Amino acid sequence: MSALADGLARWLGERWGMTVTVAGLDQSSAGARRTNLGFDATADGVTRRLAATILPTADIQLIDLGAEAEVRTLAQANGVITPFIHGACLDPSVIGGPFFVSDFVTGESVPRRVLRLVEQAGNGERIAAQIADALARLHAVDPALAPAGLPRPADGVGPIATALGGVRDSIGLLLQPEPALLYGLRWLEANRPDEPARRTIVHSDVRTGNVIVGADGLRAILDWETAKVGDPMEDLAWPCLRMWRFRNDDLLVGGISRIEPYRDAYRAAGGAWDQDRFEWWRALGTLRWGLGLANQAAQHLDGRFRTIVMAASGRRVSELTWDLLCLITPPGGRID
Amino acid sequence: MQYRPTAAELLADIADLLDDEVLDAVGGPLQHRVRVAGNLARILEREVRLAPVADAAEAERLRALLGRDGTLVELRAALAARLGDPTPFDADTERAVHAALVATTRADLAIAKPGHDDWSRG
């Protein structure tokens, strides 16, 4: 066995109290921040396919890996479809970085393949409704149960004010004035909704690309590293941004579904839909993504993270500027 | 003045080299970066061709909108300063500002991502 397989086998063996062997390691994806690895764990003659999510080091995580495992377990206990977590290991010496182990879920998650599958299976509206149902269940969890490691707005500050403050700070860091982004911030200020009546746990990155689907529908919601306490409408708006439609622009929800089945399913599962806050969070998310791309270009230019991929992000800002201007057309205005 | 090929012609040649020859010759993670570099060379080719006219048109729009003269950099800074002031615009000005930003973004997209403005419903 490799050192990695050996480390996983020893760690699982201690947790399960039996001898475990690990084989069939297969790296399914490797991002800058984390690696996902499929493997077979055999104990007592039974083989299970599991997945390890591994961070290269402990210092680049958005939230503590333990908190991420906790929030996933909490979500699953409340009916959210997400792979079962067998445990988290924060000790980087076991396999070279903090990790957690979950059940391996088969299916499609790569956006172009998801869109193809959905088109063939004709199950886009079903999946959109299942996503909305899962979000309603997550939002129904008592926020007092949120793991202590989850980020949350400061005392006395709401999620709307927190998000606006973040955008304002990022705009201050732009390398040159971008009038369209400033126009977006003006709109967000002028159309600022009331803070939500209820704060909830939010995933904040559910979208095409972060879900596993099959012909039978939604199989898992992945990538909980952005979980926090916030406005539930932020979660509903995010999958409906143009960048997650992968050119299937007619279908507002992630390029797979009209809005109606998604909204209806959220309400049917007890969620309170607020159209004004939905529209506001769509504009905010679009602006924030544009600022994120500008920040990537800045990181390339100042040497923090030099790569041509980050450099190219600077030339993508105009895509988000366009999407934003389309979302905030003033009354009587139009885009020819 | 440089002899031909022009900057735009050379950038197209570099993009062709990256897309048609280098991409297949390299493997692994470098492939993605080569693809990105090829796309950037195509963006620069369009920028060399289109930016002079686009920048002049943007400056002209901003002069009309702001009622003042200046270089493009000065005019953009002036618009940014006005947008940073929360005092509302009247409805006509609001529409004119939005329309000017749409026109500029459309010209930017003609360079950076042609076709992205085919969809305008957000």
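Which side chains meet in a salt bridge at 3.0 Å, N to O? I looked this up first: Glu178(A) and Arg76(B) are the pair. I took a salt bridge as a side-chain nitrogen of Lys or Arg within 4 Å of a carboxyl oxygen of Asp or Glu.

**Ground rules.** I am working on a predicted model, where local features need pLDDT of at least 70, side-chain atom pairs count only at pLDDT 80 or more, and totals for chains, interfaces and linings use all residues. Residues are numbered from 1 along each chain as its sequence is written, chains are lettered from A and ligands numbered from 1 in the order in which they are written, and side-chain values use heavy atoms, with hydrogens and water left out.

**Interface of chain A and chain B.** I counted contacts as heavy atoms within 4.5 Å. Chain A brings 34 residues to the contact and chain B brings 37 residues. The buried area comes to about 3000 Å², with 66% of it from carbon and sulfur atoms; buried area here is the accessible area (1.4 Å probe) that two parts lose on being put together, summed over both. On the chain A side, Arg186(A), Arg315(A) and Trp322(A) lose the most area to chain B, together 25% of what that side buries.

I then went through the polar terms. The rule finds 3 salt bridges across this interface. There are also 14 residue pairs in polar contact between the chains, both residues at pLDDT 80 or more. A polar contact is a pair of N or O atoms within 3.5 Å; within protein, one must be able to donate a hydrogen and the other to accept it, and residues adjacent in sequence count only if both atoms are side-chain atoms.

Next I sorted the chain A side by element. Helix H6 (179-190), helix H10 (308-313) and helix H11 (317-327) of chain A each give two or more residues to the side that touches chain B. H11(A) gives the most, with 8 residues. Helices (H or I, at least four residues) and strands (E, at least two) are DSSP runs, numbered from the N terminus. By class, that side has 16 nonpolar, 7 polar and 11 charged residues. Ala, Val, Leu, Ile, Met, Phe, Trp, Tyr, Cys and Pro count as nonpolar, Asp, Glu, Lys and Arg as charged, and the others, Gly among them, as polar.

**Second largest pocket.** I noted a volume of about 440 Å³ for the second largest pocket. On a 1 Å grid over the protein atoms alone, a pocket is an open set with protein on both sides within 12 Å along at least five of seven lines, a cavity is a set of points where a 1.4 Å probe fits but cannot get out, and lining residues have an atom within 4 Å of a point. Of the 21 lining residues, Arg186(A), Trp187(A), Ala190(A), Asn191(A) and Glu94(B) are the closest to the centre of this pocket. H6(A) supplies the largest share of the lining, 7 residues. The lining divides into 13 nonpolar, 3 polar and 5 charged residues.

**Cavity.** I found 1 cavity of 30 Å³ or more. The largest cavity has a volume of about 40 Å³, and its lining includes Ile131(A), Arg207(A) and Pro239(A).

**Backbone.** I checked the exceptions. Arg4(B) and Pro5(B) are joined by a cis peptide bond, omega about 0 degrees. Ser204(A) has a positive phi of about 70 degrees and is found in the loop between strand S6 (200-202) and strand S7 (211-214) of chain A.

Definitions and conventions:
Grid points are joined across faces, edges and corners, and a volume is the space filled by probe spheres set on the points.
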